Amino acid sequence: MEQFRRPIVIIAAFAASLAVGLLLMTWLMGDLRKVAAPAAIGGPFQLTDQSGQVVTEKDLKGRPTLIFFGFTHCPDVCPTSLFEISEVLRAMGKDADKVNAFFVSVDPERDTQGAMKDYLSSFDPHLKGLTGDPEQVAKVLSAYRVYAKKVPLKEGDYTMDHTALIYLMDRDGRFVAPFNMKRSPEEAAKDLKRYL
């Protein structure tokens, strides 16, 4: 009989501790939601678009904004993401005029204003390419918690490893969430219109 009692006691103790843990977690999560601070993503910046216009964090206000960080020499992720953003903007129709869409360079050494202009000519005209000097770019990368690192290649060339999220910012310039592109452009456009 003793051999059966010990496993039953262990199972009962485990079940009781699990129940207490779940109750404690539920209580804590409820309280945390009441006091949680907004995500610390975003902040002051000053960059230049492909037309030579200065763009700051103030330009994010009044419209929802999609922001993607990448570079013009990117072989696959960047053009794919910019194509997907272009398709969402196309699906929005005239409402695309009420949205900001920015492609921010993580490679200011090569991504000059002219390089950004040439590169973005293949995508939706609502997309603005932002670049600046290395210090300006480093500041915006830090504010948006973007990872970017130069990776040397053979013969002196290099590529960039970088965060590949599309950031959704609300009309007040606050981070909402990574924008989900794993759906049709029409579904994504419908979701984005909720923030107009």
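P185 lies in helix 5; helices (H or I, at least four residues) and strands (E, at least two) are DSSP runs, numbered from the N terminus. This is a predicted model, where local features need pLDDT of at least 70, side-chain atom pairs count only at pLDDT 80 or more, and totals for chains, interfaces and linings use all residues. Residues are numbered from 1 along each chain as its sequence is written, and side-chain values use heavy atoms, with hydrogens and water left out.

P185 counts as partly exposed because its relative accessibility is 22%. Buried means under 20% relative accessible area, exposed over 50%, partly exposed in between (1.4 Å probe, protein chains only). Leaving aside residues up to four places away in sequence, P185 touches E87, V88, R90 and A91; contact means heavy atoms within 4.5 Å. S86 is 99 residues from P185 along the chain, yet their C-alpha atoms are separated by 9.0 Å.

Helix 5 spans residues 185-193, and its buried residues are A188, A189, D191 and L192. They fall within an arc of 160 degrees seen down the axis, so they line one face of helix 5. The arc is that of the directions from the helix axis to the C-beta atoms. Their cover includes strand 3, helix 2 (77-92) and strand 8 (166-169).

Now helix 4, residues 134-143. V137, V140, L141 and A143 are its buried residues. The buried residues pack against strands 1 (46-49), 3 (65-70), 4 (100-105), 5 (127-131) and 6 (148-152). After helix 4 comes R145, with a positive phi near 55 degrees.
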